[in-house]
Amino acid sequence: MPRYAKIVILTGAGLSAESGLATFRDTGGIWAKYDYRDVATPDGFQRNPNLVYDFYNMRRRESANAAPNAAHEALARIQRDYPGDVLLVTQNIDNLLEQAGAEKIIHMHGEMTRMLCTHCDARLPWAADLSPDLACPECELIGGMRPAVVWFGEVPYEMARIAKALGECDLFISIGTSGNVYPAASFVAAASEAGAHTVEINLEPSDTTNYFAEHLHGPATEIVPSYIERLLAG
Ligand code: OAD
């Protein structure tokens, strides 16, 4: 029997920082350059769709040029080699975990490589730039295509599945997230209430640091591989 039967790992922008993708709230981060109300809310999209298309087109291109780092690789490895269940829940809309070989991933904030048709709700793979004149491949209506990402004020994907996993896990690990955005920020409390051991891996103490039983502070590419190594050693 492994030490932990069910592990849930929550990841945030800090996981991909050392792959060259900017975080949101660090100095010089994305929200220092953009007002989230303009580019990450349904209202912002209605006001100025072109700004929103440009923002996600730019981020999609940046992430297409990025490669998984040692922390992504370690997370793919634990999923492959650990004898218990390992669910990855990510707030990241890049696909660096998949590129590293991870498989069981919930993208609770959606994915940059998909688009969503606001006419028929189709969610489809899409690697190219989005624009207002695109027709939906499913319903063929023009003008309804938006990035398949979750904006502020919208409900993240697969919340029921995440809640079930948090209620059943015996180890919860949070990696590279500021603990600033709900509902993800509440996951540690849910896991803790379910009796799980909780571990925070982050460059610095997060906003929810007091909820965690164990703290490992430093760059993800250093801390995550050694922590995973220890878990695999039993
Ligand atoms: P944030 O930018 O809020 O937080 C990133 C965290 O990662 C910070 O606490 C950093 O200290 C830490 N960090 C930075 N570099 C790191 C490294 N190399 N190793 C380890 N930790 C590092 O990003 P998120 O918490 O992911 O949502 O943000 C949550 C959500 O807020 C995002 O999904 C996005 C954003 O607004 C939407 O756009 C809806």
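The model is predicted, so local features need pLDDT of at least 70 and side-chain atom pairs count only at pLDDT 80 or more, while totals for chains, interfaces and linings use all residues. Residues are numbered from 1 along each chain as its sequence is written, and side-chain values use heavy atoms, with hydrogens and water left out. Helices (H or I, at least four residues) and strands (E, at least two) are DSSP runs, numbered from the N terminus.

**Glu 18**

- Glu 18 sits in the loop between helix H1 (13–17) and helix H2 (30–33).
- Its relative accessible area is 40%, which makes Glu 18 partly exposed; buried means under 20%, exposed over 50%, and partly exposed in between, with a 1.4 Å probe and protein chains only.
- Leaving aside residues up to four places away in sequence, Glu 18 touches Asn 69, Pro 219, Ala 220 and Thr 221, where contact means heavy atoms within 4.5 Å.
- The Glu 18 side chain reaches the backbone nitrogen of Ala 220 at 3.2 Å.
- Tyr 36 is 18 residues from Glu 18 along the chain, and their C-alpha atoms are separated by 23 Å.

**Strand E1**

- Of the 6 residues in strand E1 (residues 6–11), 5 are buried.
- E1 pairs with strand E2 (residues 85–90) in the parallel sense over 6 bridges; two strands pair if DSSP finds at least two bridges between them.
- Ile 7 has Val 86 as its bridge partner in E2.
- Strand E7 (residues 171–175) also runs parallel to E1, joined by 5 bridges, and Leu 10 stands opposite Ser 174 in E7.

**Pockets**

- On a 1 Å grid over the protein atoms alone, a pocket is an open set of points with protein on both sides within 12 Å along at least five of seven lines, a cavity is a set where a 1.4 Å probe fits but cannot get out, and lining residues have an atom within 4 Å of a point.
- Grid points are joined across faces, edges and corners, and a volume is the space filled by probe spheres set on the points.
- The largest pocket has a volume of about 860 Å³; of its 43 lining residues, the closest to the centre are Ala 13, Phe 24, Arg 25, Thr 177 and Ser 178.
- H1 gives the largest share of this pocket's lining, 3 residues.
- The lining of the largest pocket has 21 nonpolar, 15 polar and 7 charged residues; Ala, Val, Leu, Ile, Met, Phe, Trp, Tyr, Cys and Pro count as nonpolar, Asp, Glu, Lys and Arg as charged, and the others, Gly among them, as polar.
- The second largest pocket has a volume of about 150 Å³, and its lining residues include Arg 3, Tyr 4, His 197 and Glu 214.
- Helix H10 (residues 220–233) gives the most to the lining of the second largest pocket, with 3 residues.

**Cavities**

- The whole structure holds 2 cavities of 30 Å³ or more.
- The largest cavity has a volume of about 150 Å³; 13 residues line it, with Leu 21, Ala 22, Arg 59, Asp 94 and Met 112 closest to its centre.
- H5 gives the most to the lining of the largest cavity, with 3 residues.
- The second largest cavity has about 80 Å³ of space.
- Among the 16 residues lining the second largest cavity, Leu 10, Ser 174, Thr 177, Gly 179 and Thr 208 lie nearest its centre.
- The lining of the second largest cavity divides into 8 nonpolar, 7 polar and 1 charged.

Note on methods:
A polar contact is a pair of N or O atoms within 3.5 Å; within protein, one must be able to donate a hydrogen and the other to accept it, and residues adjacent in sequence count only if both atoms are side-chain atoms.
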